[in-house]
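User: Hi, I have a new model open and could use a hand reading it. Can we go through a few spots together?

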Amino acid sequence: MLHVIVSPAKKMVADRDAFEPQGVPPFAGKTAALLDRLHGMSRSELKALWKTSDKLTDAAIQYQSMAPAVMDERALAWLQEHLWILSGFYGCVRPFDAVAPYRLEMGARLAMPADEKNGRPATGDLYAYWGADLAHAVCAGEEACVVNLASVEYAKAVLPHLPAGARAVTCIFGEELRKGKPVQRATASKIARGSMVRWMAEHGVEDPEHLGRFDIGYRHAPEFDRVDTRGNRTLVFLKS
């Protein structure tokens, strides 16, 4: 089965009216442990962890281009079945899982103490804390194909842990060529990833071989595609 992974939004907006929650995140226990850890930290420690200003400490381009508010029911159902949003706090969630606004990026250097009751060892960061959990949740024991539309920060919480039989297809979006190589720009890539998710949902994409048909602002440039030793592919799209 095809599963898509994306990064979370930097700023979350609580909207209880647009969509009804359809589930809950899969790792409630581990999220609760993270919440307890954060509650035990001082304001200065949280500010350093989050790398925020005083205003943000006290107190989404990709998702705008995804535009779920204008999708029909069939496309929204595709999202709920195929899309996973990665999260430093929740691990991974479906688009319509019930979550609360939070701020905790996957790259945060948050050490977690050992939890003997639940058999969890001490960890030095969130990558170690989540381990292979996210990859196993996404793939669900299937010979899955994971379409990687996440940033490097979030993708490395999943891709290195893919189970045997699973494979990944990473899509990158280049604005131009420099010395024969695609040049990516962060904001443009976020917009393109959101557009691709929307395109996949609206077309009901089930076969990764169809990803090369994506043509919203970019075109597939197969001459720059790569395949690694495990059979994982990188598809390159260049600005039209």
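User: Let's start with glycine 174. Is glycine 174 buried or exposed?
Analyst: Keep in mind that this is a predicted model. Glycine 174 is buried, because its relative accessibility is 0% and the cut-off for buried is under 20%.

User: Where does glycine 174 lie?
Analyst: Glycine 174 is in strand β5, which covers residues 167-174.

User: What does glycine 174 touch, leaving out residues up to four places away in sequence?
Analyst: Its contacts are Pro182, Val183, Tyr218, Phe237, Leu238 and Lys239.

User: And how far is glycine 174 from alanine 188?
Analyst: In sequence, 14 residues separate glycine 174 and alanine 188. In space, their C-alpha atoms are 8.7 Å apart.

User: New topic, helices. At what angle do α5 and α9 pack?
Analyst: The angle is about 115°. Helix α5 spans residues 73-82, helix α9 spans residues 186-203, and their axes lie 7 Å apart.

User: Is that crossing of α5 and α9 left-handed or right-handed?
Analyst: The α5 and α9 crossing is right-handed.

User: Which residues meet there, between α5 and α9?
Analyst: From α5, they are Arg74, Ala75, Trp78 and Leu79. From α9, they are Val197, Met200, Ala201, Glu202 and His203. By type, the contact has six nonpolar residues, one polar and two charged.

User: Which residues of α5 are buried?
Analyst: Ala75, Leu76, Trp78, Leu79, Gln80 and His82. These buried residues pack against β1 (2-6), β2 (83-87) and α9.

User: Why do residues three or four places apart point the same way in a helix?
Analyst: An α-helix has 3.6 residues a turn, so residues with that spacing face the same way.

User: What happens at the start of α5?
Analyst: A side-chain oxygen of aspartate 72 comes within 3.3 Å of the backbone nitrogen of arginine 74.

User: Now the core. Which residues touch the most other members of the largest nonpolar core?
Analyst: Val4, Leu104 and Met200 do, in a core of 70 residues. Helix α9 gives the most to this core, with seven residues.

User: What is methionine 200 in contact with, leaving aside neighbours within four places in sequence?
Analyst: Methionine 200 contacts Leu2, Val4, Trp78, Val147, Val205 and Leu211.

User: Switching to arginine 120. Is arginine 120 buried or exposed?
Analyst: Arginine 120 counts as buried, because its relative accessible area is 19% and buried means under 20%.

User: Where is arginine 120 found?
Analyst: Arginine 120 sits in the loop between β3 (91-93) and α6 (126-130). Leaving aside neighbours within four places in sequence, arginine 120 is in contact with Gly29, Lys30, Ala33, Ala114, Asp115 and Tyr129.

User: What about lysine 179, buried or exposed?
Analyst: Lysine 179 is exposed, with a relative accessible area of 85%. Its place is in the loop between β6 (176-178) and β7 (181-183).

User: What is the phi of lysine 179?
Analyst: Phi of lysine 179 is near 55°, a positive value in a residue other than glycine. Most residues other than glycine have a negative phi.

User: Last one. Where is glycine 141?
Analyst: Glycine 141 is in the loop between α7 (133-139) and β4 (145-149). Glycine 141 is exposed, at 76% relative accessible area.

User: How far is glycine 141 from glycine 165?
Analyst: Glycine 141 and glycine 165 are 24 residues apart in sequence and 9.2 Å apart in space, C-alpha to C-alpha.

Technical notes:
Residues are numbered from 1 along each chain as its sequence is written. This is a predicted model: local features need pLDDT of at least 70, side-chain atom pairs count only at pLDDT 80 or more; totals for chains, interfaces and linings use all residues. Side-chain values use heavy atoms; hydrogens and water are left out. Axes are lines fitted to C-alpha atoms, for helices over the stretch in contact, and angles run from 0 to 180 degrees between N-to-C directions. Helices (H or I, at least four residues) and strands (E, at least two) are DSSP runs, numbered from the N terminus. A crossing is left-handed if the near helix is turned anticlockwise from the far one by less than a right angle, and right-handed if clockwise. Contact means heavy atoms within 4.5 Å. Ala, Val, Leu, Ile, Met, Phe, Trp, Tyr, Cys and Pro count as nonpolar, Asp, Glu, Lys and Arg as charged, and the others, Gly among them, as polar. Buried means under 20% relative accessible area, exposed over 50%, partly exposed in between (1.4 Å probe, protein chains only). A polar contact is a pair of N or O atoms within 3.5 Å; within protein, one must be able to donate a hydrogen and the other to accept it, and residues adjacent in sequence count only if both atoms are side-chain atoms. A nonpolar core is a set of buried Ala, Val, Leu, Ile, Met, Phe, Trp, Tyr and Cys residues joined through side-chain atoms within 4.5 Å.
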